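Hi everyone, thanks for coming along. I'd like to walk you through one protein, so please have a look at the screen and stop me whenever you like.

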Amino acid sequence: MGLAFKFSIFADMQALSKVLNKAIEEISSLPGIGKSTAIRLALFMLDNPKSKTEALSKALFDLVNEINYCQKCHVICDEDICSICQSNSRDQSLLCVVEDIRDVIALEKSGGYSGLYHVLGGKISPMEGIGPSELNIATFEKKILENQIKEVIFALSSTLEGDTTMFYLYKIIPDHLKTKTTTIARGISVGNQLEYTDQVTLAKSIENRVPYKHQ
């Protein structure tokens, strides 16, 4: 009965308006949003003043057309260089390597890190056809060679791909630079992503980081 009722609602939406149905389809394509939630959101936007929905539409348009990536660390920003890289209060000798922007957000929320970042844009995964050339590794190497980086913190997920990526980056760093390499403490469960780790655990994992050793 309940399932038949849901199908009836979807059919009714399509019959009522192709425009509404298209909006519902697009909203339901977002992660974690099913058809029922998409219908509620679409109708909510119709109930709101037109100006609010237009403001949302403009914000999404600007998101995909005007967003920039920092030329130094590859984090999302509004300018060519992000505020973190420009900040005089950040430790310029400390570099934390992460997979994507969500990890930067998680670490910033934890309040346990005050250095710079380098966003790889993923991790090496031969099974998925992702090699070093598909990631921001060339700029990592350039940063190591041209800047006074005293410590590199590997804050990658505890997976086979994460370990492979860490070892690849570790081998890039020239021995003569005497750059210290560490990895976040394993208070974070193996296989877990940083973005899903609570702030206290994440802050402690940075504080209690350990020397990186390839097994």
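Is S125 buried or exposed? S125 counts as buried, because its relative accessibility is 4% and the cut-off for buried is under 20%. Leaving out residues up to four places away in sequence, S125 touches I130 and E161.

Now, please keep in mind that this is a predicted model. The mean pLDDT of the protein is 85, and 80% of the residues reach 70 or more. Among the elements, β4 has the highest mean pLDDT, at 96, while helix α1, residues 2-16, has the lowest, at 53. Over residues 1-7 the pLDDT is below 50, and that stretch has 1 contact in the model beyond near neighbours in sequence. Residues 188-192 also stay under 50, but there the model has 11 contacts beyond four places in sequence.

Let's go inside. The largest nonpolar core has 37 residues, and those touching the most other members are C82, C96, V97, F140, V152 and L169. Several elements each supply at least two residues of this core, including α6 (101-110), α7 (138-146) and α8 (160-172). Which element gives the largest share? That is β3, with 5 residues. As for C96, its contacts include L107, Y113, I153 and A155, not counting residues up to four places away in sequence. There is also a second, separate core of 7 residues, with L20, I24, I33 and I39 among them.

L60 belongs to helix α4, residues 50-66, and is partly exposed, with a relative accessible area of 47%.

Next, salt bridges. How many does a search of the whole structure find? The search finds 5. In one of them, E108 pairs with R90, with the closest N and O atoms 2.9 Å apart. E108 is in helix α6 and R90 in the loop between α5 and β3, so this pair ties together parts that are 18 residues apart in sequence. E108 is partly exposed at 31%, whereas R90 is buried at 14%.

Another bridge joins K123 and E99, at 3.2 Å from N to O. K123 is in the loop between β4 and α7 and E99 in the loop between β3 and α6, so here the linked parts are 24 residues apart in sequence. K123 counts as buried at 19% relative accessibility, and E99 counts as buried at 5%. D100 and R102 form a salt bridge too, at 2.8 Å from N to O.

One last stop: backbone angles. Most residues other than glycine have a negative phi. H74 has a positive phi, near 75°, and lies in the loop between β1 (68-69) and β2 (76-77). K178 is not a glycine either, and its phi is positive at about 55°; K178 lies in the loop between α8 and β6 (180-183). H74 counts as buried at 19% relative accessibility, while K178 counts as exposed at 71%.

That's my tour, and I'm happy to take questions!

Note on methods: Residues are numbered from 1 along each chain as its sequence is written. This is a predicted model: local features need pLDDT of at least 70, side-chain atom pairs count only at pLDDT 80 or more; totals for chains, interfaces and linings use all residues. Side-chain values use heavy atoms; hydrogens and water are left out. A nonpolar core is a set of buried Ala, Val, Leu, Ile, Met, Phe, Trp, Tyr and Cys residues joined through side-chain atoms within 4.5 Å. Buried means under 20% relative accessible area, exposed over 50%, partly exposed in between (1.4 Å probe, protein chains only). Helices (H or I, at least four residues) and strands (E, at least two) are DSSP runs, numbered from the N terminus. Contact means heavy atoms within 4.5 Å. pLDDT is the predictor's confidence in each residue, from 0 to 100. A salt bridge is a side-chain nitrogen of Lys or Arg within 4 Å of a carboxyl oxygen of Asp or Glu.
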